[in-house]
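Me: Please take a close look at one part of this structure for me. I want the contact between the two chains, and then what lies around it. Keep it brisk.

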Number of protein chains: 2
Amino acid sequence: MPLLSRSFLAQMEFRVVATGPLVDLSFAVKDLIDIAGHVTGCANPDWARSHPPAVAHAVCVEQCLQAGAVCLGKTLADELAFGLTGENAFYGTPLNPAAPDRVPGGSSSGSATAVAAGEADFALGTDTAGSIRLPASNCGVWGMRPSHGRISVAGVNPLAPGFDTVGAFARDGETLQRVMSLLLNVDPLPTVSGRLWLLQEGFDAVEPAVRGAFEPVMKRLAGSFPCREISLRGIDGEGGISGMDNWRQVFQPIQWAEIWSTLGSWIESARPALGERTRRNFELAKGLDRRLLVAALAQRERYRAALARFLGPEDLICFPTVHTPAPLKGSLGLDRTQGDYFPRVLARMAIAGIGRLPQISLPAVDVEGAPVGLSLLAAEGNDAFLLAAALGVAAALDD
Amino acid sequence: MPLLSRSFLAQMEFRVVATGPLVDLSFAVKDLIDIAGHVTGCANPDWARSHPPAVAHAVCVEQCLQAGAVCLGKTLADELAFGLTGENAFYGTPLNPAAPDRVPGGSSSGSATAVAAGEADFALGTDTAGSIRLPASNCGVWGMRPSHGRISVAGVNPLAPGFDTVGAFARDGETLQRVMSLLLNVDPLPTVSGRLWLLQEGFDAVEPAVRGAFEPVMKRLAGSFPCREISLRGIDGEGGISGMDNWRQVFQPIQWAEIWSTLGSWIESARPALGERTRRNFELAKGLDRRLLVAALAQRERYRAALARFLGPEDLICFPTVHTPAPLKGSLGLDRTQGDYFPRVLARMAIAGIGRLPQISLPAVDVEGAPVGLSLLAAEGNDAFLLAAALGVAAALDD
């Protein structure tokens, strides 16, 4: 398959109706999501070779097309969506326009870069463990993971169904609000304020340069929003534990078990060629002691319930999307259990996953020439409020 | 594959731990749900032939096994879970012990009959459009569809992910509560009361014999529970429309679109042999005008939100699970759009599906020698309350 662009695996241009609320917008589609007549290759050549073309558009694609948007093609991703770097061993690494020497992040890498480069007005992605939020932060664009289960995943290749979501990228909050409101079937709300809870662990566990960059931003926000600090321990009630890693330790066994249940039979029977990092990721999923699963599921429900109790209808939890700007290309190891990059990313991504919460990452700061996003999370199902509040936050940052 | 029992497609007997909260219970598993080392055949021979063995237990199976329960095997179902009768063209019809001349209902047919016959203490099933609730009612056992998304569907073959759930059957409410609480990771609550909203359309749109049978039952319940009538129009606010069919008309295009997105590529590329009723069901899914999808998704969200506003934490919606006892074997047509059986069933099943609500069907009446269940629905996420309230209802009925 020729690489027509660094963001796209396959380019096309079509619309199905000439009117509708998204008629002025073009969009790109992650290669996990069906476009009728095309093989959904999941960014892995052996998957593409062994699967038939999609007979219908995924429901989310149908929604965008019926709203008048123009589809521009399929975007590159981490293989089978199991990755966070955007470095695909078969198709290369989409160029991060905001920081060309750095990875875009994944797994919805090409969707993020297509939007960041202005190649598409918005792009559909999937987010299981950060696959929209992380590349949005890395590439300096807006990205939203919705509340779990609110946007149809039919026609989207599953990874870990208990956490899988479909969401979108855009260059501005208004476009993101239009697209996500359409996908969610909610009316866009006018820009609103909200109560910001600054998650201490989320601000503490960042690199010093990131902390420094966020200081003036948070001062500015404090002038427009009621801001209070909250500790993750104040939410989950687990005294004596510091940091966020306990949330990752709950998230990860469930994610790995679900991934192996979802894709393991194909991996073991088809014996596909996998990039080395992807191969190791699947080895981890396969090797999980599944007895850990039951305790993790119980703890997930306790954490989910704690977040549900904590978050009122006007509450937002807020922290830097990631602890560091995007790593330099080629600098990340092949084993995600080595080093602290992946565990630190996954710990903060686990909060929305465990809580089934919607989360938006919006461009916030520049650290050594690379962007880092600010994340806002709201209560489960409070997606329309989150979108409107994120516009309010962006307006306060622009003042 | 030899039919060792009318309920089972494959029998086995194993446990993985000898202690745990379900150690005294045996269970059966619908052939849509993975048992490690066995092909998940989805009750269709060509699916079974063309798919590799599962490499791991589905998450829900793992939860039961780690709790000490004994797994007894895979149960028969409607092919690919796309059916409501239990009449499988390849493997036959599991015997409905409560009414041997009638269908068990599907798609989780063998799971219902295994429990009804005493062959297993509980059974796992899936419910997209009634596939637990209907056979539970037909076979005179308890069955629960949980809130959407609360029990992992990893390792469960998808049908329509926006509605798919994993739930269970049991012969009594206490066993159902134990199993479902474990799967949901909630603490079982003591038997409670609750406010019963009798859904007018649900009681009106039943056969006269069913209405007659429910009259003394509802009188008895009114002595123990605060009961009020509510119209579906009082919930959805659509004046001028009578009956429940508008809810089916919202549910069905979404279900069919999701089914075709999920299974259509396999159907079209593998060209499997399908039973005639299943073949026609897939033709309907394929033939759907997918432009209907967008309006249905918007209406689904309005209905879901209306149910969420209506249902407080102690509210239960209540109606007969189905308008008629199980049809006689062989009496149902092959085309679900002909006659009124399927539309009438689907209309009442659509309410929980659209609302993402938990629903329990519990044995309530005998109509001409065949059982019909009473259904209780609670707010999304209020599954623990629903289980405890259903015990209260059962106790009131036994008085």
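Reply:

Q299(B) sits in helix α11 of chain B. This is a predicted model. Is Q299(B) buried or exposed? Q299(B) counts as buried, because its relative accessibility is 14% and the cut-off for buried is under 20%. Leaving aside neighbours within four places in sequence, Q299(B) is in contact with E238(B) and V250(B).

Now the contact between the chains. Chain B gives 41 residues, and chain A gives 41 residues. Together the two chains bury about 3100 Å². Of that area, 60% is on carbon and sulfur atoms. Three residues of chain B stand out: V55(B), R150(B) and N185(B). They supply 16% of the area that chain B buries against chain A, more than any other three residues.

What about polar links across the interface? Between chain B and chain A there are 16 residue pairs in polar contact, counting pairs with both residues at pLDDT 80 or more. Which elements of chain B give two or more residues to the side that touches chain A? They are α2 (59-66), α9 (245-270) and α11 (291-310) of chain B. α9(B) gives the most, with eight residues. By type, the residues on this side of chain B divide into 17 nonpolar, 13 polar and eleven charged.

Two salt bridges are found across the interface. One pairs E62(A) with R290(B). Their closest N and O atoms are 3.2 Å apart.

Next, symmetry. Chain B can be laid on chain A by a turn of 180° and a shift of 0.0 Å along the axis, with an RMSD of 0.0 Å. The two copies are thus related as by a two-fold rotation axis. The same surface serves both copies, with 100% of the contact residues of chain B recurring in chain A. Which residue of chain B comes closest to the rotation axis? That is G149(B), at 3.4 Å by its C-alpha.

Now the salt bridges within single chains. Over all chains, the structure holds 37 salt bridges. Side chains of opposite charge can pair when their charged atoms come close.

In chain B, E268(B) forms a salt bridge with K286(B), with the closest N and O atoms 3.0 Å apart. E268(B) lies in helix α9 of chain B and K286(B) lies in helix α10 (residues 276-287) of chain B, so the pair ties together parts 18 residues apart in sequence. E268(B) counts as partly exposed, at 22% relative accessibility. K286(B) is partly exposed too, with a relative accessible area of 38%.

D24(B) and R178(B) form another salt bridge, with the closest N and O atoms 2.7 Å apart. This pair links distant parts of the chain, 154 residues apart. D24(B) is in the loop between β1 (8-14) and β2 (26-30) of chain B. R178(B) is in helix α5 (residues 173-184) of chain B. D24(B) is partly exposed, with a relative accessible area of 49%. R178(B) counts as partly exposed, at 30% relative accessibility.

In chain A, R280(A) and E276(A) meet in a salt bridge at 2.8 Å, N to O. Both lie in helix α10 (residues 276-287) of chain A, four residues apart, about one turn of the helix. An α-helix has 3.6 residues a turn, so residues three or four places apart point the same way. R280(A) is partly exposed, with a relative accessible area of 31%. E276(A) is partly exposed, with a relative accessible area of 31%.

Helix α3 (residues 109-116) of chain A is mostly covered, with seven of its eight residues buried. Among them are S109(A), T113(A) and V115(A). What covers the buried residues of α3(A)? The cover includes β1 (8-14), β2 (26-30), β3 (70-75), β4 (122-127), α4 (133-139) and β6 (165-170) of chain A. After α3(A) comes G118(A), whose phi is positive, near 80°.

F342(A) lies in helix α12 (residues 341-355) of chain A. F342(A) counts as buried, at 4% relative accessibility. Not counting residues up to four places away in sequence, F342(A) touches L84(A), T85(A), R277(A), L332(A), G333(A) and R336(A).

Technical notes. Residues numbered from 1 in each chain as written. Chains lettered and ligands numbered in written order. Predicted model: local features only at pLDDT ≥ 70, side-chain atom pairs only at ≥ 80, totals over all residues. Heavy atoms only, no water. Contact = heavy atoms within 4.5 Å. Buried area = accessible area lost by both parts, 1.4 Å probe. Salt bridge = Lys/Arg side-chain N within 4 Å of Asp/Glu carboxyl O. Polar contact = N/O pair within 3.5 Å; in protein donor to acceptor, adjacent residues only side chain to side chain. Nonpolar A, V, L, I, M, F, W, Y, C, P; charged D, E, K, R; others polar. Buried < 20%, exposed > 50% of the residue type's maximum accessible area, 1.4 Å probe, protein only. Least-squares fit on C-alpha atoms with pLDDT ≥ 70 in both.
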